[in-house]
Structure formats: structure tokens, C-alpha cells
Amino acid sequence: MSDPLFRDPEAPVTDRVRDLLSRMTLTEKVGQVNQRMYGWHAYERTPSGHRLTDAFRAEVAAYDGMGALYGLQRADPWSGVTAETGIGAADGARVSDAVQRHVVENTRLGIPVLLVEEMPHGVQALDGTVLPVNLAVGATWNPELYEEAAALAAGQLRARGGHVALVSALDLVRDPRWGRAEECFGEDPYLAARFTEALVRGVQGPAGDRIGRDRAAVVLKHFAGQGATVGGRNSAATELGARELHEIHLVAALAGVRAGAAGLMAAYNEFDGVPCAASRHLLTGILRERWGFGGLVMADGLAIDRLVRMAGDPAAAGALALRAGTDLSLWDDCYPRLAEAVRRGLVDEATLDTAVGRVLALKFRLGLFEDPYTGARVTDPARVEELSERLARESVTLLEHDGVTLPLADRPIGTVAVIGPNADSVPQQIGDYTAPQRPGTGGSVLAGLRAAAPAGTDVTYARGCGLIGGDRSELPEAVALASAADVAVLVLGGSSARESGTRFDANGAAVVASGNPVEMTCGEGVDLAGLSLPEGQAALLDAVVATGTPVVVVLVQGRPHALPDLTGRAAAVLSAWYPGPWGGRAVADVLFGRSDPQGRLPVSVPRSAAQLPVFYNVKDHGYRGYVDQPATARHAFGHGLSYTTVAYGTPRLSVRSLAADRFDGPAPLICTVRVTNTGARPVRETVQLYVRRVLGGSSWPRVRELRGFARVELAPGESTEVAFPLDAAALASYTYAGEWAVEPGEFAIETGPSSQRTRAAGLTVTPAPARPADRR
């Protein structure tokens with residue numbers, strides 16, 4: 001007897017899916033769209049290794065299969081998994097294979113299970129290599145480097161038996177009070193789109209029907225608009241019109257879809273009154289019908305259970321999400337009731353079949369039916385560590401500098417005083433969604449400076465204050481060290497480090513209320529009303545600056561903090577973001593001049609929370625500022641200094657006037673600008689291109705919009721020409737007709753080192769010539 005068609009690896013995926021669906025019972029179908037179990041409940045540690053739990057065996061038996069299992073290898077305070085109880089790199093493949101073997105060998109059809117893991121900045125598992133958080137990655141403006149790092153992280157995931165990587169990519173920092181700002185590539189849709197494309201290419205490999213055994217399927221989070229929630233509060237409502245949704249919040253998602261992303265995760269927030277997991281307009285109308293997306297839509301954790309308040313009961317809530325276009329659940333109690341929903345007539349079985357088909361198609365694309373067990377080559381941890389440190393180094397952003405103090409190696413220094421609550425803490429520089437690190441992993445800023453300091457330089461240390469609160473008892477020691485030093489490096493900022501005493505919501509978000517002693521100031525569930533440094537840190541800053549010793553402020557942070565004006569007070573201000581375990585070495589390399597500061601702001605830095613929103617691409621209404629403070633950002637999007645000076649010429653266009661229909665083909669317009677290193681040190685400059693609509697169009701324009709960037713290396717005195725091709729996407733606007741189009745009008749094509757330092761060339765877009773009337 002021949003094998004069924006779905007077992008034929010040469011058959012088209014659509015045919016294999018259709019054949020397998022025809023053989024499945026309603027119960028088996030429901031099992032395939034469920035991801036109900038927490039993966040860490042599927043095993044337990046024993047003296048001889050790990051064993052599968054009875055709870056896991058019962059879950060498989062209940063549906064005669066399992067669609068997906070989340071977080072088998074996750075470790076963190078929320079899951080309660082520690083280095084002593086969890087799955088290390090040495091055991092990852094073996095435990096994953098045991099899970100898979102049980103599912104394949106103990107179910108009627110032997111359908112493999114998808115093993116889903118978080119990979120926000122490296123695999124969130126014991127011994128997984130940690131990368132800098134996305135906001136730091138965005139500050140590199142180097143998608144190619146990120147693509148390489150993402151590929152190696154995906155290799156680690158697959159070598160441990162995982163199949164699907166959940167990665168934040170689609171959210172934008174439109175309000176930096178939001179605790180999940182660290183998970184965003186920045187505030188700009190164009191920049192986020194370029195990194196999203198790089199992520200998909202890196203994780204999944206070359207585009208095609210099959211995903212290689214050394215790569216993983218990627219599910220992009222979160223769809224859509226979550227970064228625009230009211231008040232910067234996690235999972236709150238959004239107030240977005242269709243134009244803002246399409247021009248800002250859907251750009252990265254569309255780029256990810258076109259790059260071939262296997263899946264998207266529906267966000268918690270509502271859009272136009274409907275939660276994303278229940279929005280047919282979003283998940284079916286836009287995503288599938290308009291964009292042609294054929295992949296998987298996964299719900300966020302417990303998001304479908306929230307729909308019970310709308311639908312009335314769990315079965316109806318599950319039917320609501322399924323009809324909208326959500327294919328795979330996460331931890332909820334509603335999708336297990338879908339058989340009941342079908343029997344009650346709340347949803348057609350054909351709709352369920354469509355969702356099941358998408359889950360099965362991904363399993364076929366991953367090759368799990370041919371070989372469900374782990375066989376990927378183990379990624380070299382040293383190579384991933386090297387890329388993590390390089391990302392950290394390229395993300396360090398010099399915001400202010402007196403032109404004298406840095407780099408430290410350029411003048412003799414007897415003593416460097418390293419001060420601050422973030423100076424000697426690796427956990428506080430690695431961000432949220434991070435597994436416990438083995439002792440000795442990485443190094444703090446203090447350790448990095450001590451290792452980098454030349455012989456004869458004394459590096460002293462005082463914490464100075466706690467991360468939170470206003471206790472000033474440690475100030476005198478810090479002031480004494482600063483007063484006795486030639487330079488003080490003051491390491492301030494925030495922390496997303498989850499401690500064992502942290503309380504969590506059911507979906508894993510931290511619960512950090514006012515007065516809670518947990519030192520966590522950023523991360524999921526940790527939203528702030530203000531952006532100033534905590535009272536103790538602010539007092540430390542004032543006290544150290546008052547000593548008269550040159551002060552270099554280093555901010556380790558997952559969001560931009562609003563600092564006071566430090567002009568003439570601090571010698572330099574740098575943002576290191578959350579640079580990962582090896583960020584200490586990266587910061588030290590920049591401070592001592594072994595590396596030029598290369599980072600550029602992926603987000604505007606506000607003067608205070610009171611002036612929000614402060615993102616650069618606001619609508620160009622020409623409004624006045626506030627009476628009590630400027631309305632502009634403290635530091636503009638795209639800003640970043642180096643240890644040299646760079647001059648920009650006036651941009652030149654290949655043509656100054658062009659008909660609107662000429663943009664339908666390949667890029668018809670080239671913008672060229674000459675860039676010159678006018679200083680004495682080499683530089684890697686990020687040249688930015690913006691488009692500003694000056695006149696015309698069917699909607700009010702934005703101040704300017706990023707439409708290109710290029711990184712160039714220049715020796716002292718060297719010049720180069722940087723050319724940017726401009727196509728329809730560079731000038732198009734979202735129109736009232738619901739489409740993107742290049743509209744006639746006057747445009748300024750601008751180039752420069754940031755969004756507030758540009759020079760412009762004018763472009764006229766004329767109406768398309770009238771076409772002759774058809775002759776009958």
C-alpha cells in the first residue's frame with residue numbers, strides 16, 4: 001500500500017495540505033490551531049536528565065495531536081525556569097526530539113508539532129546568545145549586520161529543536177513612555193521596514209517554499225499599531241485613522257510580508273474599537289485580500305480570552321477570532337472550544353479548515369513530515385558573541401560632546417572614576433525577554449573600562465545611588481571619587497532585568513507598581529508617566545557635575561530618557577541603549593577611541609514627557625512651540641556625533657521635473673550628494689535622505705520622511721559621492737482612494753546627517769499626460 005499524498009515530499013504543499021485535511025477529524029483539526037500549553041509544563045528535570053510530564057501526554061491525547069508548543073526552552077522569572085531546572089544547550093535537541101517523538105508516534109496521523117520560541121534579541125533559552133535589544137539594533141542603521149546576527153540566532157534555535165521564532169519588529173516608538181520601546185527598531189516606518197526585511201532574510205534564509213534546516217520560520221510581532229497606544233500604556237486602545245495606520249504602522253509589516261515572513265502575531269491593542277485578533281478588516285481585508293499574505297496569523301498570549309467580553313462566551317470568542325483571520329491561539333481557553341463553536345453554527349468548519357491548512361503548510365515548509373527531529377548544525381557561540389558585541393559597538397550613539405574630552409586615549413589620564421547604578425551590572429544592560437545568564441557571561445561597563453584602560457591608569461568605582469528611589473546615602477563616596485579623578489564616567493539609565501521577586505500578569509507582563517522595590521524601570525508592563533531619571537540618579541548627576549571634573553554620561557536604557565540641558569555641564573553624553581552582555585567592552589572601545597561612535601538615533605529624544613509626541617515626522621502645521629519650553633526634540637531622529645567633522649554638499653537631482661506616471665517603472669530619479677571628512681580621524685558616516693512635500697497633494701504633508709540611508713567610510717580629508725535612487729515608494733502618499741500614489745506637486749529632496757540638519761534640492765512632479773480617448 002502506497003503512502004498517502006501528504007507524505008510525498010515531491011508533491012506541492014497545497015496538495016499535501018488538502019489531502020491531510022481530508023483525513024482529519026474535527027477534534028484533530030481543533031488540536032492543530034491550539035497552542036494552549038506552556039512549554040515548560042511539558043517536561044520536568046530528573047536526576048538523570050528530563051522527562052515528559054503526564055500533563056503534556058494528556059494534552060496530546062485530548063486532540064490526538066498538538067498544533068504548536070510555546071516556550072519549551074524558555075527560562076526567566078515569569079516561567080520560573082532557572083539554570084537548575086531548565087534545558088541548557090547541551091540538552092535542547094534531546095528534549096525537543098523527545099517531545100516530537102511522542103507526538104509523532106502516539107497520534108493517529110503522526111502530524112509533527114511546531115516548537116515555538118521567543119527570539120526577541122537572541123534565543124530566550126539557557127545558553128542562548130543574547131544580542132542587543134532592537135532599539136540598539138536600530139541605532140546601528142546597519143540592516144546587513146543585523147541580518148547576519150539574526151541568521152546565527154536562528155541557527156541556534158533550530159539546533160536546539162525549535163522551529164518558529166517570535167520576534168518583535170513591527171511596533172514603532174511613537175510614545176517612549178511605553179515599556180516595550182526597547183523591542184522596537186525606532187520611531188520611523190522606513191527604518192523599521194529595512195530591519196524587518198533583514199530579519200526575515202536572516203531567520204528564514206533565501207525566499208522560497210522551503211525553510212532550511214539551519215533556519216527557522218519567523219512570526220513578526222505585533223500587527224498592528226501597538227506602539228501608538230494611548231498614553232504609552234501597554235495594550236491600550238489606539239486612535240489611528242486609516243492614513244496614519246497605512247503610512248506609519250503598516251509599512252514594516254508590508255515589508256515583512258513581501259520579504260516572505262512565515263507569520264504575523266496579532267497585537268493586543270484595538271483598532272477602531274476592535275481588538276486586532278478579532279479585526280477582520282485588519283487580518284483578512286488588508287493582510288490577506290489586499291496584500292496577498294498566505295502565511296500564519298498567531299494570537300498574542302491570552303488575547304482571544306479577552307474577546308469573551310465582546311462575544312459572550314469562550315466558544316463564541318474563539319469563533320470571532322477565527323472568522324477574523326486568527327489561525328493559531330496562544331494559551332487561551334477559547335480555541336479549545338472551537339469544535340463546540342462549529343457544532344453551534346458559530347463558525348463554519350470550512351473556516352476552521354483554512355486556519356488548519358495554514359498551520360499544516362508551515363509544517364510542510366519546514367520539512368517536519370520528512371524529518372521531524374533535530375539535525376541542524378550547532379552555531380558557533382563565539383561567532384554569535386562577536387556579532388553581538390559588534391552590534392553593541394555600532395549602536396553607541398554620541399549625543400553631545402565638548403570636542404575635547406573624548407576619546408580618553410588621546411590625552412594622559414591618571415584616574416577614571418566610574419560611577420552610577422548601571423556601571424557594574426550585566427543584567428541591567430541585557431533587556432527584557434532574556435534568560436538567566438551563566439556566571440561569567442559578558443561584562444559590565446566598569447569591567448570593560450578596566451580592561452581597556454592603558455597601563456598606569458587607575459579606574460575607581462562607586463555606585464552612587466540605587467537605580468530607583470531617592471536615597472542619597474551613597475552620594476558622598478561618589479563625589480569624593482569624582483573630585484579626585486581626571487574624568488568621571490557616569491553610567492545612568494534604566495533596567496528591564498526581571499528579578500525573582502517580580503510579580504507578573506497571566507500573559508507574562510511585569511507588574512511593577514509605584515512603591516514596588518523591584519528595580520525594573522522598562523520592559524513589558526513597565527510603562528512610565530514621566531521620562532526623567534529617578535530622583536536618586538538626578539541628584540547623583542547634579543552632584544558629580546558640580547565637582548568640576550569632566551563628566552561623560554553613559555545612558556544604559558531601553559527608552560530615551562529626558563535629561564536636563566547638559567550643555568556646558570557634561571563633557572559628553574552617550575546612549576548605549578541595552579547593549580547586551582558584551583556591551584561593556586563596546587562602550588569602553590568607544591570611550592577610549594578604539595572605535596569611532598557610529599550610532600545614530602532611531603528615535604527622537606524628548607526634553608520632557610510633557611511635550612510628547614515628539615517624533616520627527618509629524619504633520620507640518622507650522623504650529624508654535626510651548627510657552628514654557630521648546631516643542632522640538634532635545635536630540636533629533638538620525639542625530640549622532642563622531643570624533644571628526646563631516647561636511648555635506650547640496651544634493652543634486654538627475655532631473656528637476658518629472659511626470660507622475662514616470663515613477664511607475666524602475667527608479668527614474670537619482671539624488672547625489674558629496675560628503676567630505678573634514679577632520680583628522682577616519683569616520684563611518686550615515687548619510688540620510690528625506691523627502692518633504694512642499695506643495696500639492698490630497699492630504700496634509702508631514703514635516704519630512706526618511707526615504708533612504710547609506711553608510712560610508714571616509715579617511716581624513718576624503719570625499720565621496722553618495723547616490724540615492726528614488727522610485728514611486730519614495731514620493732508616494734496614501735490617498736483617499738485607499739491606494740498609494742505619486743501625486744503632482746512640489747517636493748524637497750533633502751540629505752544630511754540627521755532629520756534636523758539637511759540641505760535640499762527642489763523637484764516638481766507634474767500631472768501624468770492625458771491619454772488619448774479610446775477610438776471605437
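Colleague: At what angle do helix α7 and helix α9 pack?

Modeller: The model is predicted, with local features needing pLDDT of at least 70, side-chain atom pairs counting only at pLDDT 80 or more, and totals for chains, interfaces and linings using all residues. Numbering starts from 1 along each chain as its sequence is written, and side-chain values use heavy atoms, without hydrogens or water. Helices here are DSSP runs (H or I, at least four residues), numbered from the N terminus. Axes are lines fitted to C-alpha atoms over the stretch in contact, and angles run from 0 to 180 degrees between N-to-C directions. For α7 (residues 189-204) and α9 (residues 251-259), the axes lie 8 Å apart and the angle is about 25°.

Colleague: Which orientation class does the pair α7 and α9 fall into?

Modeller: Angles under 35 degrees count as roughly parallel, over 145 as roughly antiparallel, 65 to 115 as roughly perpendicular and the rest as oblique. The angle between α7 and α9 is about 25°. The two helices are therefore roughly parallel.

Colleague: Which class do α1 and α14 belong to?

Modeller: Helix α1 (residues 13-22) packs on helix α14 (residues 349-365) with axes 9 Å apart, at about 125°. The pair is therefore oblique.

Colleague: Which residues of α14 meet α1?

Modeller: Contact means heavy atoms within 4.5 Å. From α1, the residues are Val13, Arg16, Val17, Leu20 and Leu21. Their partners in α14 are Asp353, Val356, Gly357, Leu360, Ala361 and Phe364.
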